[in-house]
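Hello,

Here is the structure I said I would pass on. My notes follow below it.

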Amino acid sequence: MEADISENIFARLINIAGRQRMLSQRIGFIISMLHNTSEPGHDIGDDLSALLKNAVNDFTLGYAILLQGDKDQGLPQFASARVANVLDGRSDANGSEASSGRATIDRFLLETGAALVDLTNGRRRGGQQMSDYSAFVLGPVLQTLQKIVEALEADFEDEMLARRTRRSADVELVKMAAGEIQKASKFSRMIALNAKISANRAGPHGLEFGALTEEIKKISNNITESSQEIMRHLDHV
């Protein structure tokens, strides 16, 4: 899986995959209904023909985006191993050989295109043929598209977990750095205190040096306060 895929892109890809699932069922239902109810020898009319063609085109475009991305829409090609397993029919989580999702979708597009041509030319398919088509759409096609949705959702969950883990690691590193800063600040205050004692012993000759040690002490205190504030903030991240 590619890294640095934003949450927005994940959401859009999952939405496209979910829409593919919805479109396939809509297409299958309308084609089956028209073949079973419309009068043979007549076309289905321009409105229904356009509706079906648009739905098929939307499905084809969405499928292409899931495979190749779309730069115009700001969607990169997303190399998901899980989606590849679904499409290529690799072994599933149980080690069983899975059917090829790519072949299923290609068959769906091929059979849908042929059924649409028949409808627009006034030809009607027999009941058994349409029954087989409906079973195919409601079975393998729906299952394949559902698996793609689930694969993308699983990828999203994995990516969010990885980001939380990286964030926790980064927080710990910052805490360690802040702790080292606090140690250094404490050490600086000790040096400043010893220097002030030496300056006082030196009398008038140590006045300037004493003023400098006071400034060092103030800086050290400010650093300590800042590092403590960082630590308090990180505890709530």
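In what kind of crossing does α2 pass α4? The crossing is left-handed, meaning that the near helix is turned anticlockwise from the far one by less than a right angle. This is a predicted model, where local features need pLDDT of at least 70 and side-chain atom pairs count only at pLDDT 80 or more, while totals for chains, interfaces and linings use all residues. Residues are numbered from 1 along each chain as its sequence is written, and side-chain values use heavy atoms, without hydrogens and water.

The protein has six helices and zero strands (DSSP runs, H or I of at least four residues for helices and E of at least two for strands, numbered from the N terminus).

The α2 and α4 axes (lines fitted to C-alpha atoms over the stretch in contact, with angles from 0 to 180 degrees between N-to-C directions) lie 11 Å apart at an angle of about 165°. α2 is therefore roughly antiparallel to α4 (over 145 degrees). Residues in this contact (heavy atoms within 4.5 Å) include Leu52, Val56 and Phe59 of α2 and Phe108 and Thr112 of α4.

Leaving aside neighbours within four places in sequence, Ile27 touches residues including Leu52, Phe108 and Tyr133.

Regards

Methods
Parallel < 35°, antiparallel > 145°, perpendicular 65-115°, else oblique.
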